[in-house]
Amino acid sequence: MAVARLRELLPDYARDLRLNLGSVTSQSNLSAQQLWGTVLAAAIASRGRTALVELEPEALDHLTAEAAAAARTAAALMAMNNVYYRSLHLLEDEEYSRLRAGLRMNALADPGVDKVDFELWSLAVSAINGCGRCLTAHEHELRGRGVTREVIQDAIRVASVVHAVAVTVEALETSGGIDRVAAAV
């Protein structure tokens with residue numbers, strides 16, 4: 001089980017992450033598809049090789065091929081949109097926000113899964129990438145579709161934990177500490 005393996009790789013100083021990874025993947029207000037799509041999109045957005053290698057197969061066990069493709073699409077589109085819209089937000093000249101973006105985003109119209117699921121995955125990636133404008137837009141869309149704050153919060157919690165685990169494991173790999181942890185497991 002990939003979640004169990006990642007939990008074992010986390011050092012003692014990241015004990016809270018170990019506990020949180022177990023809880024966000026086992027106790028959630030999200031449906032199984034929403035949860036594992038969020039895990040997959042967040043693992044991609046977090047850019048941690050080991051986290052993605054470990055979490056993707058487990059996510060795929062819970063997702064249809066269409067849902068997995070949509071979660072990947074959310075991660076890809078938000079990688080672009082979060083940079084673009086975060087930049088517009090940070091620029092002091094509001095005139096940029098009035099200009100046509102000129103970026104293709106056709107998948108937003110028909111992501112291949114329920115729009116709520118895709119919006120949750122987009123929200124999670126936007127949280128990782130720190131785009132306030134995108135977070136606001138996705139939260140507004142979700143609330144307009146009747147999604148509770150608790151469900152939205154769970155998607156953000158999953159994203160934050162997956163991201164923290166990816167960063168921690170990546171740091172261990174970079175420092176050579178992952179070899180010591182893996183050998184002890």
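## Helix 3

Buried here means under 20% relative accessible area, exposed means over 50%, and partly exposed is in between (1.4 Å probe, protein chains only). By that cut-off, the buried residues of helix 3 are Q34, L35, W36, G37, T38, V39, L40, A41, A42, A43, A45 and S46. That makes 12 of its 15 residues buried, so the helix is mostly covered. Helices are DSSP runs of H or I with at least four residues, strands are runs of E with at least two, and both are numbered from the N terminus.

This is a predicted model, where local features need pLDDT of at least 70, side-chain atom pairs count only at pLDDT 80 or more, and totals for chains, interfaces and linings use all residues. Residues are numbered from 1 along each chain as its sequence is written, and side-chain values use heavy atoms, with hydrogens and water left out.

Helix 3 reaches 21 Å from its first C-alpha to its last, close to the 21 Å expected at 1.5 Å a residue (1.5 Å times one less than the number of residues). R47 follows the helix with a positive phi, near 65°. The buried residues of helix 3 pack against helix 1, helix 2, helix 4, helix 5, helix 7 and helix 9, with contact meaning heavy atoms within 4.5 Å.

## The nonpolar core

A nonpolar core is a set of buried Ala, Val, Leu, Ile, Met, Phe, Trp, Tyr and Cys residues joined through side-chain atoms within 4.5 Å. The largest one has 48 residues, and L120, W121 and V165 touch the most other members. Among the elements giving two or more residues to this core are helix 3 (32-46), helix 7 (115-129) and helix 9 (149-175). Helix 9 gives the most, with 9 residues.

Leaving out residues up to four places away in sequence, W121 touches Q33, Q34, G37, T38, A41, A67, A70, A71, A74 and V113.

Which cysteine sulfur is closest to that of C131? It's the one in C134, at 3.1 Å, too far for a bond, because a disulfide needs the sulfur atoms within 2.5 Å. The disulfide count comes to 0. C131 is buried at 0% relative accessible area, and C134 is buried at 5%.

## A tyrosine pair

The whole structure has 1 aromatic pair; rings of Phe, Tyr and Trp (its six-membered ring) pair if their centres lie within 6.5 Å, with planes under 30 degrees apart stacked, over 60 edge-to-face and the rest tilted. Y84 and Y85 form this edge-to-face pair, at 4.9 Å centre to centre and 90° between the planes. Y84 is partly exposed at 22% relative accessibility, and Y85 is partly exposed with a relative accessible area of 22%.
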